Amino acid sequence: MINSPTSTNDSEALDRPRDSGPLGAAVLAGIATAIVVAIWFAFYLFVFIPRAVP
Amino acid sequence: MPDDPHSPSADARRAARAEAQWTVFAIVVIVVVAALTAFAGIHYATMPQGLVETANPSALHLDGEFVESNLGSAIESDGSVTVRALGQQYSFTPQCILVPAATPLTIRAASADVIHGLLIEGTNVNVMLVPGYISVITARFEQPGEHLMPCQEFCSVGHEGMWGKVRVIDKAAFADLAAKNRRLSCVE
């Protein structure tokens, strides 16, 4: 339930994600950056380079 | 307590480490993109102009290679074709550029007034025309066809109406026309 009282003696469980560092943020930012870089590569390899004039 | 994994200083260390890792990742992305940009130059997907050439924009119509009778496409002695064009508010001259297929082209263009942009749709040709300078770019069309050539640099109120086209025709047909005319265009 949303308003259920939180356990006050469960601080170890609350600390666990904090101990692993900002992993979720890194995954989210990594996926977003990977999408942008993948689109850049797609244009570079499939549009820009094939139009080269040697 | 420096050894407490939940202390504020331990949190700060974790944050600093994550930030350092992300910085390395960002640097790797930037270096890869920069290297591929350099490769584009080596591979001639795009190449900065090697030589700066100037032309007086107020006298383009009076003297030099951009006088009206010299605009258009001309066959050079090595078989390549040189295209000379002008941009001015709000048109290109010639409005329709005629070029042969499967032939190396050198486009030389200048602006008679403000900054314009010459972009040929479907190619990497995309160059600014800066008053006072001659823009030179190479191109090659393998197939006959037509390409739009809009001005890609906002040049004031009539900018959206400033566009020309490039008509690519068969190489032999172009040679026939070139035998009869000193400069070619497809302006009707």
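Strands here are DSSP runs of E at least two residues long, and helices are runs of H or I of at least four; both are numbered from the N terminus. By that count, S156(B) sits in the loop between β10 (145-150) and β11 (163-169) of chain B. The model is a predicted one.

Start with the overall make-up of chain B. It holds two helices and eleven strands. Read from the N terminus, the order is α-β-β-β-β-β-β-β-β-β-β-β-α.

Next, the dimensions. The C-alpha trace of chain B spans about 90 × 35 × 30 Å along its principal axes. Its radius of gyration is 25 Å, whereas a compact globule of 188 residues would have a value near 16 Å. Buried residues account for 26% of the 188 residues in chain B. Among contacts in chain B between residues at least 6 apart in sequence, 61% join residues at least 24 apart.

Now the backbone of chain B. Two peptide bonds are worth a look. Q89(B) and Y90(B) are joined by a cis peptide bond, with omega about 0°. Y90(B) belongs to the loop between β3 (81-88) and β4 (91-93) of chain B. The bond from T93(B) to P94(B) is also cis, and its omega is near -5°. P94(B) falls in the loop between β4 and β5 (96-100) of chain B.

Then come the phi angles. A102(B) is not a glycine, yet its phi is positive, near 50°. This residue is in the loop between β5 and β6 (105-111) of chain B. A102(B) counts as exposed because it has 12 C-beta neighbours inside 10 Å, and the exposed class takes residues with 12 or fewer. Back to S156(B), in the loop between β10 and β11. Its phi is about 110°, positive again in a residue that is not a glycine. S156(B) has 10 other C-beta atoms within 10 Å, so it is exposed.

Finally, the contact between the chains. Chain A brings 14 residues and chain B brings 18 residues. On the side of chain A that touches chain B, α1 (11-19) and α2 (23-48) of chain A each supply at least two residues. α2(A) gives the most, with four residues. By class, this side of chain A has nine nonpolar, one polar and four charged residues.

Key:
Residues numbered from 1 in each chain as written. Chains lettered and ligands numbered in written order. Predicted model: local features only at pLDDT ≥ 70, side-chain atom pairs only at ≥ 80, totals over all residues. Contact = placed C-beta atoms within 7 Å. Nonpolar A, V, L, I, M, F, W, Y, C, P; charged D, E, K, R; others polar. Rg over C-alpha atoms; globule rule 2.2 N^0.38 Å. Buried ≥ 20, exposed ≤ 12 C-beta atoms within 10 Å, placed from the backbone.
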